[in-house]
Amino acid sequence: MNRFPEEPPSFPLFVSAARPDAFAAACMSGSDIVVIDLEDSVAPDSKVAVRRIPQGALPKDPMVRLFLRVNGVGTVWHRDDLAFARKIGTDGIILPKCESAEQIAAVRAALNHGQKVIAQIETLPGLSRVDEIAAKADRLALGSIDLCEEMGCAHTRIALLPLRSRIVQAARLAGRPAPLDGVTISVTDGAAITDDARHARELGFGGKCLIHQRQLAPAQKGFCATPQDLDWARHALAADECPTSDAEGEMLRSPVAMRARRLLLRGQAAVGQAADALPRIGGRRAPVPAARTRQES
């Protein structure tokens, strides 16, 4: 089975394209991705105008990855949104209501080489083809509110449990990064945001979409490994004696060691520690991927 790339949790922060005055603050919020939203947060009669981002609205050298959420396939704005993303050279786009691998292929053909595509699964056709979508997209994201509305079910954990697990399963089978969970509606209830994030982490998600920068800290808290988890991970990876090369390799590939490294990666992301804080295994550091720069993403 393909393994998820080991990455720190990701927290895409959505900001309406109709609010260019909020772009700079979003880029300084501490999130790793800022998503300028051309879709749900923009009224139909403003969707063309918002493509003209005012001079100086964005930092000259933002230290975050910038994505556009374009309008969906089949809308009158979709093609021009993709052309806009290509022109301004964002790190990628988020494709809402993605429903097939063919849609991903068409989007890639309209973008620059290297621009990423995150596919939002928020319709029944998209959910039914999530395996093929996962194989073609760079990452999956759950659009839980729209998906529940289409299914006619409540937006509750028990109703969403099989849907969330199905999306995680598809991402794992495709060898993609762990998918991104949908938004928490409340902006002010930090405990609820943390609890939702912790639930998503337990199900195998690799981050959570945000609609306000106030949600960032509580969402990060929900994805942090607990002190008990970190103690367990350090003990699991610590070696009093240098093992043989074969035994070491087996240990580093084992599910126990993989879980331990994933927990340490979460702990490292939470406190901003350097990789040299990780324990040594057989005389060398436990391997953890280097953080990607915006240009490498």
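**A pocket and its salt bridges**

Me: In the lining of the second largest pocket, how many residues are nonpolar, polar and charged?

Reply: This is a predicted model, in which local features need pLDDT of at least 70 and side-chain atom pairs count only at pLDDT 80 or more, while totals for chains, interfaces and linings use all residues. Residues are numbered from 1 along each chain as its sequence is written, and side-chain values use heavy atoms, with hydrogens and water left out. Ala, Val, Leu, Ile, Met, Phe, Trp, Tyr, Cys and Pro count as nonpolar, Asp, Glu, Lys and Arg as charged, and the others, Gly among them, as polar. By class, the lining has 10 nonpolar, eight polar and six charged residues.

Me: Arginine 69 forms a salt bridge with which residue?

Reply: A salt bridge requires a side-chain nitrogen of Lys or Arg within 4 Å of a carboxyl oxygen of Asp or Glu. For arginine 69, the closest N and O atoms of the pair are 2.7 Å apart, and both partners are buried (under 20% relative accessible area, with exposed over 50% and partly exposed in between, for a 1.4 Å probe and protein chains only). The partner is aspartate 37.

Me: Is arginine 65 buried or exposed?

Reply: Arginine 65 forms a salt bridge with aspartate 32, with 3.1 Å between the closest N and O atoms. Aspartate 32 is partly exposed at 24% relative accessible area, whereas the value for arginine 65 is 15%, so arginine 65 is buried.
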